[in-house]
Amino acid sequence: MQTGAAPAARPDGRRRHWTRRPNPLAGLGSAVWLVVVLVPVYAMITASLTPRDEALGHNALKPPAHPTLANYSTVLHSGFFHYLGNTVLAAVAVVALVLVLCVPLAYVAVRTRGFWSGAAFRLFLLGVAIPAQAVVVPLYLMIAKLNLYDSLLAIVLPTAAFAMPVAILVLTGSLRDISEEVYEAMALDGASPLRMLFQLVIPMAKGGISTVGIYSALQAWNGFLFPLIFTQSEGPRVLTLGLFTYVSQFGVDIPALLASVVLSGIPVFAVYLVARRALVGGLMGVGGK
Amino acid sequence: MPGVLFFLFFAALPMVLAFCLSFTEWNGLGDPRPAGLANWRKLFDDGQLTQSLTVTVLLTAVSWAFQTVVSLLLGVWAAGRRRNRAILSAIFFVPFLLSSTAISLLFHALLDPNFGIVRGDTLGSTDGAFLAIVFVGGWQFIPFHTLIYQGGARQIPDVLHQAAAIDGAGRYRRFFSITLPQLRNTATTSGVLMVVGSLTYFETVLILTQGGPGTDTAILPYLMYEAGFKSYDFGYASAVASFLVVAATALSLLLVRLSGFGAMRGTREGM
């Protein structure tokens with residue numbers, strides 16, 4: 001660096017705003033992306049309000065002549081709440097399972113430097129790359145042998161297992177940020193490892209823990225393959241699979257289908273409005289470490 | 001450790017099992033019967049594997065390029081602290097709130113020749129179907145990766161930019177000489193997630209194109225699904241799956257190597 005002078009050297013007094021000058025190219029780019037994001041959303045909402053008999057040959061960009069909520073009531077009467085309930089139940093179970101299994105694991109991986117903890121950590125690192133699709137056939141066999149086929153557990157257990165690698169990565173990252181001295185201080189006070197886990201690690205790693213919670217909840221929410229293959233009947237059917245079955249049920253009734261898509265987005269959208277900060281901040285953390 | 005056992009049982013053991021099952025013949029009922037190398041021979045003999053593999057790699061590469069460019073630019077832009085940017089990034093995030101299934105259904109409807117906003121039979125042509133899958137995947141996941149890049153860009157210390165500005169570097173020069181190199185680790189994380197994620201375009205393919213037209217968009221996971229759960233040829237499906245594991249692992253190892261990234265240590269080195 002050549003200049004030793006302080007940034008204040010600029011005569012126009014704008015030095016604090018050097019990042020804030022408008023950037024027309026970037027502004028244009030983000031406006032384009034805004035259109036890309038909003039047009040499908042807009043088309044989806046107008047189409048879902050279009051009466052069935054207007055739909056054929058209808059241009060999805062034009063608002064309907066006679067808007068109706070009939071499509072929504074059709075969907076709501078086709079098991080929507082049942083599917084939603086199953087999804088929520090599965091998501092809660094997956095999050096609980098992942099946290100109970102991963103927090104102690106990450107704690108051990110960070111605190112101990114043995115061969116086995118290193119090996120376990122590398123196993124999970126490699127696990128990030130395993131696509132769930134690669135193992136559904138043997139999992140199908142195992143689930144059947146365990147008598148879990150066609151139950152919610154058949155979805156929850158493998159979903160949780162496949163959320164673990166990323167969970168471990170995020171958690172070990174945030175646990176490493178706790179400084180060694182704090183552990184030592186607690187150890188001097190005679191705290192047991194278990195007590196350290198509950199009184200130090202969990203409170204200090206709150207950020208990482210919420211990231212992992214959000215991430216695994218999203219996995220469960222988004223999951224399609226495991227429900228498709230491990231369940232069959234109406235009982236344990238989750239929302240993604242419910243949407244998929246609407247395709248055959250509503251057939252060419254595109255407005256009803258889109259109404260079901262809109263409805264499926266509303267619960268997460270509501271969560272997003274309430275917990276935007278936590279959600280966005282948490283997901284930012286996935287890439288941070 | 002119960003966590004390790006759980007993971008081994010539901011993720012690692014099945015991988016080994018998949019490999020074993022690939023040497024058997026099994027229709028989903030009864031017990032698998034040994035079949036020697038028959039499935040593997042079938043896999044390498046018919047042209048389907050080569051085609052699927054090509055489509056999978058191409059889809060991964062094009063998606064990666066598309067998503068990286070857009071989310072990098074959006075993320076860096078959104079990292080600035082203007083009010084309208086915060087509002088816009090909130091809107092940008094909306095697609096990520098829908099599940100892949102919902103998004104695939106949405107675009108299936110919007111691309112319908114009799115209904116949609118794009119006229120013509122997009123999904124009926126090979127290139128159209130391929131590009132549709134790339135676009136739909138991007139539409140869903142770019143918000144997520146934008147967020148990752150936004151987080152990364154915020155971590156770049158302001159001093160670096162200030163110093164460069166004083167040295168007379170313009171906005172674009174700063175972007176290429178400071179922002180990009182500083183985002184290297186972020187790009188790796190996001191890239192690995194994109195590559196692994198593009199293998200999960202399974203539901204997009206299933207809903208949008210069913211692997212069609214013909215088998216032109218049948219990516220490996222879809223090929224596996226069709227062989228197993230539609231034709232009940234689980235031995236062959238397992239062979240495809242084993243191949244998928246090898247390909248995915250090789251791909252991520254390569255990616256990790258290329259970026260000289262190792263075991264996720266020292267995020268701050270070189271600063």
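How many salt bridges does the rule find across the interface of chain A and chain B? The rule finds 0, a salt bridge being a side-chain nitrogen of Lys or Arg within 4 Å of a carboxyl oxygen of Asp or Glu. This is a predicted model, in which local features need pLDDT of at least 70 and side-chain atom pairs pLDDT 80 or more, while totals for chains, interfaces and linings use all residues. Residues are numbered from 1 along each chain as its sequence is written, chains are lettered from A in the order in which they are written, and side-chain values use heavy atoms, without hydrogens and water.

**Interface**

| Item, chain A with chain B | Value |
|---|---|
| Residues of chain A in contact | 95 residues |
| Residues of chain B in contact | 96 residues |
| Buried area | about 8300 Å² |
| Share of buried area on carbon and sulfur atoms | 79% |

Contact means heavy atoms within 4.5 Å. Buried area is the accessible area (1.4 Å probe) lost on putting two parts together, summed over both.

On the side of chain A that touches chain B, helix H1 (residues 24–48) of chain A supplies the largest share, 15 residues. Helices are DSSP runs (H or I, at least four residues), numbered from the N terminus. That side of chain A holds 74 nonpolar, 16 polar and 5 charged residues.

**Helix pair**

Within chain A, helix H4 (residues 80–111) and helix H12 (residues 239–250) pack at about 150°, their axes 8 Å apart. H4(A) and H12(A) are therefore roughly antiparallel (angles over 145 degrees).

Methods:
Helices (H or I, at least four residues) and strands (E, at least two) are DSSP runs, numbered from the N terminus. Ala, Val, Leu, Ile, Met, Phe, Trp, Tyr, Cys and Pro count as nonpolar, Asp, Glu, Lys and Arg as charged, and the others, Gly among them, as polar. Axes are lines fitted to C-alpha atoms, for helices over the stretch in contact, and angles run from 0 to 180 degrees between N-to-C directions. Angles under 35 degrees count as roughly parallel, over 145 as roughly antiparallel, 65 to 115 as roughly perpendicular and the rest as oblique.
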